[in-house]
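Subject: Structure for you to look over

Hello,

Here is the structure I promised. My notes follow below it.

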Amino acid sequence: MKNRECSIVRDILPLYVENVISDDTKQFVDEHLSHCAECKNELKLSQTDIPVKKNCSEKDGGVEVIKKIGLDIKKKRVFTGILSAVISAIVIMLSFAYLTAPEYIPYTESFDIISVKDNNGCVTLSFTGEYEIYQSEQGVYDISIYNTIWNKLFNIEKKQDITVNPNGETVNTIYYVSNGGQDDKVIYGRDPIDNGGVVTLPRLFLNSYFVTAILFALVLAMLVVIFRKKEEKVKAIIVEILFIPISYIVSHIMIKGWNATSYSATRDFYLILLLVIPIYSLFYILYKKEHSKFRH
Ligand SMILES: [Zn+2]
């Protein structure tokens, strides 16, 4: 048993001398050396040996090889570190996107989810939840209220009072936008459209961005095929650019699934862009790693 440990320690000793082993391995060697005189002797020999070799012979590749192994180990550790950081970033962003995704609260007549107060032309809305409000045209406002998984999980009840026109702007109409097929409801002012209801449709611009990214990726992929055997450098640059639309496509699918329609398209778009950064980094470092493998 002792002999076997000795031979393991002897194998590690060169790396031990160069100090390129992990703390655990170092501890193991130290422990062994503390009770094995033979190995300790071997260590002394190698410690006096190596500096001499280092100085006088470039031809002797031993030290260089050891150094290279050490460097490779360090590189591997840096690579693993970056890789796990990038993957963590993706997981964190996806969790954030999922937990804060709006679940719109549809308008109901029976249950008062929003109340409107008009104080000398100053219009205040009171409700519980997160909200989106924007002015669709002069004096016409759309408000949506939504909940998030995050708020439900932590029992957060956000009671909010917001003033629609803090600077005294004219407010003609406020629509409550339920999203998801239900008519928009006028909760303040008069309905400028007399006949029938208004439905806010999901915005589709993410759809066209998605298609554009696919086309962009296809063109670049064709260029990669064309330059496959000719120019290594040009090919590498095209591949690096190709990762941009591919990252966008992957990010879109991760955030939206296969559904490109969205009632909260702007939010989704920012999330997709944010997620593109770690996804691109992931492709980039994996590609660089593959590449350097072939070169050596
Ligand atoms: Zn030993």
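The expected span of a helix is 1.5 Å times one less than its number of residues. Helices (H or I, at least four residues) and strands (E, at least two) are DSSP runs, numbered from the N terminus. This is a predicted model: local features need pLDDT of at least 70, side-chain atom pairs count only at pLDDT 80 or more, and totals for chains, interfaces and linings use all residues. Residues are numbered from 1 along each chain as its sequence is written.

The protein has 8 helices and 8 strands. Of its 296 residues, 16% count as buried (20 or more other C-beta atoms within 10 Å of the residue's own, with C-beta atoms placed from the backbone).

Start with α7. Its 25 residues reach 36 Å from first C-alpha to last, close to the 36 Å expected at 1.5 Å a residue. Buried residues in α7 include I238, L242, F243, Y248 and I255. G257 follows the helix, with a positive phi near 70°.

Now the cores. A nonpolar core is a set of buried Ala, Val, Leu, Ile, Met, Phe, Trp, Tyr and Cys residues joined through C-beta atoms within 7 Å. The largest has 13 residues; I272, L275 and V276 touch the most other members. α7 (232-256) and α8 (265-295) each supply at least two residues of this core. α7 gives the most, with 7 residues.

Leaving aside neighbours within four places in sequence, I272 is in contact (C-beta atoms, placed from the backbone, within 7 Å) with Y248, S251, H252 and I255. A second, separate core of 11 residues includes L125, I143, I145 and Y175.

Best wishes

Terms used:
A residue is buried if 20 or more other C-beta atoms lie within 10 Å of its own, exposed if 12 or fewer, and partly exposed in between; C-beta atoms are placed from the backbone. Two residues are in contact if their C-beta atoms, placed from the backbone, lie within 7 Å.
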